[in-house]
Amino acid sequence: MAEPTSAQIDNVMREDRLFPPTAEFAAQAVIPSAEAYQALWDEAQADPLAFWDRQAQELHWFEPYSQVLDWQEPVASWFTGGKTNASYNCLDAHLGTERENKTAILWEGEPGEQRTLTYRELHTEVCRAANMLKKLGVGQGDVVSIYMPMVPELAIAMLACARIGAIHSVIFAGFSSEAIAERNQDAQAKLQITSDGAWRRGKELPLKPMVDDALDKSPSVEKCLVLRRTGSDVPMREGRDVWWHELAEQVDAECPAAPLDSETTLFILYTSGSTGKPKGIRHTTAGYNLYAKKTFEWVFDHRDSDVYWCTADCGWITGHSYVVYGPLSAGATCLMYEGAPNFPAEDRFWELVEKYQVTTFYTAPTAIRAFIKWGDQHVEKHDLSSLRLLGTVGEGINPEAWMWYHEKIGAGRCPIVDTWWQTETGGIMMSPLPGAIPTKPGSCTKPLPGILPAIIGEDGQPVGENQGGMLVMTHPWPGMLRGIWGDDERYREQYWSKVPHNYLAGDNARCDEDGYYWIMGRIDDVINVAGHRLSTIEVESALVSHPQVAEAAAVGRPDEIKGQAIAVFVTIKEAEASDALRDELKLHVRKEIGALAVPDDLRFAAVLPKTRSGKIMRRLLRDIASGKETVGDTTTLEDYTVLAKLRAEDE
Ligand code: WTA
């Protein structure tokens, strides 16, 4: 029998189950049918600028724009000449409407405290914080670095920056002081905002001491604003550190939102690329705000009665777009939870869903896989009948986890929106519209209105049905990144050079006979660990900065819970390979980047396998790391014995 072709292999893997929305769901949906979706998508495709022009009327404009898009490839300016303000659109826009006294943020701390903030109250807090920023010398265009737990003040700090035209750079509170310092330096941050500590699984994470170390290496940072969260004793440096609660008493609660040019930088958010240096993805005000709002309303089928919960941390793009800017612009009620999903027990999330009558739940596949492992008994303890819609983000979801989510959490009743997007895209690009598009487990289904994807083969031409290729966007969209902070060349090179005139997403994908997209993983050295992007080179750079390491190679290997785990191969200088050194190297990575980058496996190797031209043979290492027999041609190996030695390490 002949070898199967790759198309036949795809066929075997094809998921044929189709889950249409129930008639009841569709009848009340924002986009209620496949025809309605198609009509909207067709309208947007025929004239994208007219389409976005129409949508943009939903934002508040202090001054109208004169042009929808000024496209100087690869530099986009959306809604040029207009003036708006993201903080205004999230807050002031709801005052004087029936949403004024609606709950904006519903918060629960890990130890169990509860807070609610109405739109009116949130507005007051944001105005106060904006005045605090001004008092600390922060003005338009200044960068504010934020390193905080998931408490309302994190969202308040972001919105306060937006209010006065300062640029926030939120750094996930799992990063190390080295990583904070690197980002602060790159962004030339002027102010640091942090808290004394954070609660995680009942223990305190010491944030302020981490920041103190970082600030020793962040000369641009002049002041540090410190929120009291855990109440633990932290040293405050005279002249630099200021308590949030003390400063709050010295300012008033009135601060009009500044009318800002559409293209004013709203934030930078660092993410991993294919080099060791994280890149500061830059988003601007009007286009990003509009895109976050519309995609939130469409994908989460927003209704005023919803209680919406996105479990992402504001340290990631999902927290920016779907905890803060999207839902608040839409006037939603958002649940925000500070802590771990398994504290005090593995049913914490389901307890929260029941307690707050959550209707819409958005989380990551890695969390779903952990729930499966923890066991159904934690789910079954709770009444989840308030839920009507489920979502996932961050990586592909395997069909088995999808089915579990559908049956156990959604009781077979709730549509699942598998949302594909990136830090760079600002908002969701491809996702089922829950009242309109039947879902297939594992597929992010179709592009949203105004989004025009294509799949391109190595020859630069679009590929056919069910054939894999590079995913690109053929037309600019309002939420797109505007650049990499301080590195225009890298922006052009990484996103706009490989496929001329197209945005290169960096993912492979295929499109099936129904026009459904299936993401097939990255084309570069980026790995996805528990839904977080990491560059293998970042991990390698961290390792080789240790005095005993000569060379290191990091690869991703499959992991049941995290999707991918990090496996590293290290050649050392004089030291003896030992468990102690292994632990020390892991600790070193934790110090350089943070706990999220600590290798799961660390193997010592006498030499790394390389091609004749000196390239590390990552494919081979990936196979070894995942315990697979190596297949394919290895005659290009510099040293055949290497392979055997690495295998021996395994035994
Ligand atoms: C991956 C997160 C498959 C993808 C919003 C992308 C996904 C990268 C999905 C961006 C999905 C995200 N299905 N893969 N639904 N969502 N990815 O910047 O590889 O942290 O390029 O943004 O995650 O990760 P980022």
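## Ligand site

In this predicted model, the side chain of Thr-423 places an N or O atom 2.6 Å from an oxygen atom of the ligand. The side chain of Arg-533 also reaches the ligand, with an N or O atom 2.7 Å from a ligand oxygen. Thr-419 takes part through its backbone instead: one of its backbone N or O atoms lies 2.8 Å from a nitrogen atom of the ligand. On its own the ligand has 530 Å² of accessible area, and the protein covers 94% of it.

The shell around the ligand consists of 17 residues, the closest being Asp-418, Thr-419, Thr-423, Asp-507 and Arg-533. Sorted by class, the shell holds 5 nonpolar, 7 polar and 5 charged residues. Three elements each contribute at least two residues to the shell: helix H12 (317-329), strand E20 (416-419) and strand E25 (517-522).

Helix H14 spans residues 365-374 and is mostly covered, with 7 of its 10 residues buried. These buried residues are Pro-365, Thr-366, Ala-367, Ile-368, Arg-369, Ala-370 and Phe-371. A charged residue, Arg-369, is thus listed among the buried positions of the helix.

Just after H14, Gly-375 adopts a positive phi of about 110°.

## Cysteines

How many disulfides does the model contain? The count comes to 0. For Cys-255, the nearest cysteine sulfur belongs to Cys-127 and is 5.6 Å away, and Cys-255 is in no disulfide. A disulfide would require the two sulfur atoms to be within 2.5 Å. Cys-255 is buried, since its relative accessible area is 3%, a value under the 20% limit.

With a relative accessibility of 4%, Cys-310 counts as buried.

Is Lys-102 buried or exposed? Lys-102 is buried, because its relative accessible area is 13% and the limit for a buried residue is under 20%. Its place is in the loop between helix H5 (86-90) and strand E4 (103-108). Leaving aside residues up to four places away in sequence, Lys-102 touches Leu-117, Thr-118, Tyr-119, His-302, Asp-304, Gly-331, Ala-332 and Thr-333.

Ser-578 is also a loop residue, located between strand E29 (563-572) and helix H19 (579-592). Its relative accessible area is 29%, so Ser-578 counts as partly exposed. A polar atom of the Ser-578 side chain lies 3.0 Å from the backbone nitrogen of Leu-581. Ser-578 and Phe-604 are 26 residues apart in sequence, and their C-alpha atoms are 8.9 Å apart in space.

## Backbone geometry

Most residues other than glycine have a negative phi, and most peptide bonds are trans.

One joins Glu-73 and Pro-74, with omega about 0°, and Pro-74 is found in the loop between strand E1 (67-72) and strand E2 (75-80). Another runs from Phe-343 to Pro-344, with omega near -5°. Arg-201 is partly exposed, because its relative accessible area is 42%. Thr-445 counts as buried, because its relative accessibility is 0%.

Key: Residues numbered from 1 in each chain as written. Predicted model: local features only at pLDDT ≥ 70, side-chain atom pairs only at ≥ 80, totals over all residues. Heavy atoms only, no water. Helix = DSSP H or I, 4+ residues; strand = E, 2+ residues; numbered from the N terminus. Buried < 20%, exposed > 50% of the residue type's maximum accessible area, 1.4 Å probe, protein only. Polar contact = N/O pair within 3.5 Å; in protein donor to acceptor, adjacent residues only side chain to side chain. Contact = heavy atoms within 4.5 Å. Near = heavy atom within 4 Å. Areas by Shrake-Rupley, 256 points an atom, 1.4 Å probe, with all protein chains shown as cover.
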